[in-house]
Amino acid sequence: MRFGFDIDDTLINLREHAFQLYKTKLNKEVPIEEFHKLQRVEIHEPFGLSEEEGNKMWKSSLEEIYFTDCPAFPGAVETVNRLVELGHEVFYITARPKKHGERTKQWMIEQGFPIHTGHFFYGMEDHEKIHIIKDLHLDYYVDDKPAILETLSKEPIKLYLKDQSYNRDSRFDRIVDWMEFLPIINE
């Protein structure tokens with residue numbers, strides 16, 4: 001089978017990692033509960049930043065956010081490795097900017113994710129991911145953004161949403177814990 005995965009906030013805990021970096025950079029103690037209450041992808045509001053300030057903060061912090069010690073979600077590395085061990089093909093489809101693509105791929109390898117030549121796609125907008133996902137003829141796809149899954153809902157792909165505070169109203173089946181994924185696909 002062919003499996004596709006988004007990276008940020010699907011396989012790795014990017015937003016929470018960025019939230020912790022913001023606390024340090026802004027020298028503000030904001031409780032982690034505030035992060036877990038967020039109803040949108042952006043994380044700047046608990047820090048009292050405007051949209052413009054939040055956008056600027058995110059862009060100026062990308063190197064630290066992307067390439068420091070952002071953790072994978074528990075079980076994510078093991079799950080993806082197990083899929084490969086079982087003979088499945090694994091593809092990564094991320095909207096990370098093109099200029100960060102190759103470094104992201106290397107960083108993912110260093111974290112233990114199995115990446116094969118031609119199975120790593122980056123440098124597109126979220127809405128452009130759809131074309132790649134369709135062209136890959138995936139059997140399963142996992143993302144954190146319901147809008148992406150919605151555009152794929154008529155395709156013959158089993159879609160899963162990585163559980164996040166901002167996507168809890170979505171109707172898609174979700175992955176809360178990566179250790180749940182292998183038993184689901186074996187049903």
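Predicted model: local features only at pLDDT ≥ 70, side-chain atom pairs only at ≥ 80, totals over all residues.
1. Largest pocket, extent and centre. The volume of the largest pocket comes to about 660 Å³. Its lining is made up of 29 residues, and V41, E42, W58, Y66 and K145 are the closest to the pocket's centre.

2. Largest pocket, contributing elements. Two or more lining residues come from each of α1 (14-26), α3 (51-60), α4 (62-67) and α7. The most is given by α3, which supplies five residues to this lining.

3. Largest pocket, residue classes. Charged residues number 14 in the lining, alongside eleven nonpolar and four polar ones.

4. Second largest pocket. The second largest pocket holds about 190 Å³ of space. Among the residues that line this pocket are N13, R15 and E16, then F35 and H36, as well as F73. The lining also includes K162, D163, Q164 and S165, together with R168 and V176. The elements that give two or more residues here are α1 and α2 (32-37). By class, the lining of the second largest pocket divides into five charged, four polar and three nonpolar residues.

5. Helix α7. This helix spans residues 126-135, and K129, I130, I132 and I133 are buried within it. On spacing, an α-helix has 3.6 residues a turn, so residues three or four places apart point the same way. The cover over the buried residues of α7 includes the strands β2 (89-93), β3 (120-121) and β4 (140-143), and also helix α8 (146-152). Helix α7 is also one of the elements that give two or more residues to the lining of the largest pocket.

6. The end of α7. H137, just after the helix, has a positive phi of about 50°.

7. K158 belongs to strand β5, which covers residues 158-162.

8. K158, neighbours. Which residues does K158 touch, leaving aside those up to four places away in sequence? The contacts are with D139, Y140 and Y141. For Y140, the C-alpha atom is separated from that of K158 by 4.7 Å, although the two residues are 18 residues apart along the chain. Strand β4, residues 140-143, is among the elements that cover the buried residues of α7.

Technical notes: Residues numbered from 1 in each chain as written. Heavy atoms only, no water. Helix = DSSP H or I, 4+ residues; strand = E, 2+ residues; numbered from the N terminus. Contact = heavy atoms within 4.5 Å. Buried < 20%, exposed > 50% of the residue type's maximum accessible area, 1.4 Å probe, protein only. 1 Å grid on protein atoms, 1.4 Å probe; cavity = no way out; pocket = protein on both sides within 12 Å on 5 of 7 lines; lining within 4 Å. Points joined across faces, edges and corners; volume = space filled by probe spheres on them. Nonpolar A, V, L, I, M, F, W, Y, C, P; charged D, E, K, R; others polar.
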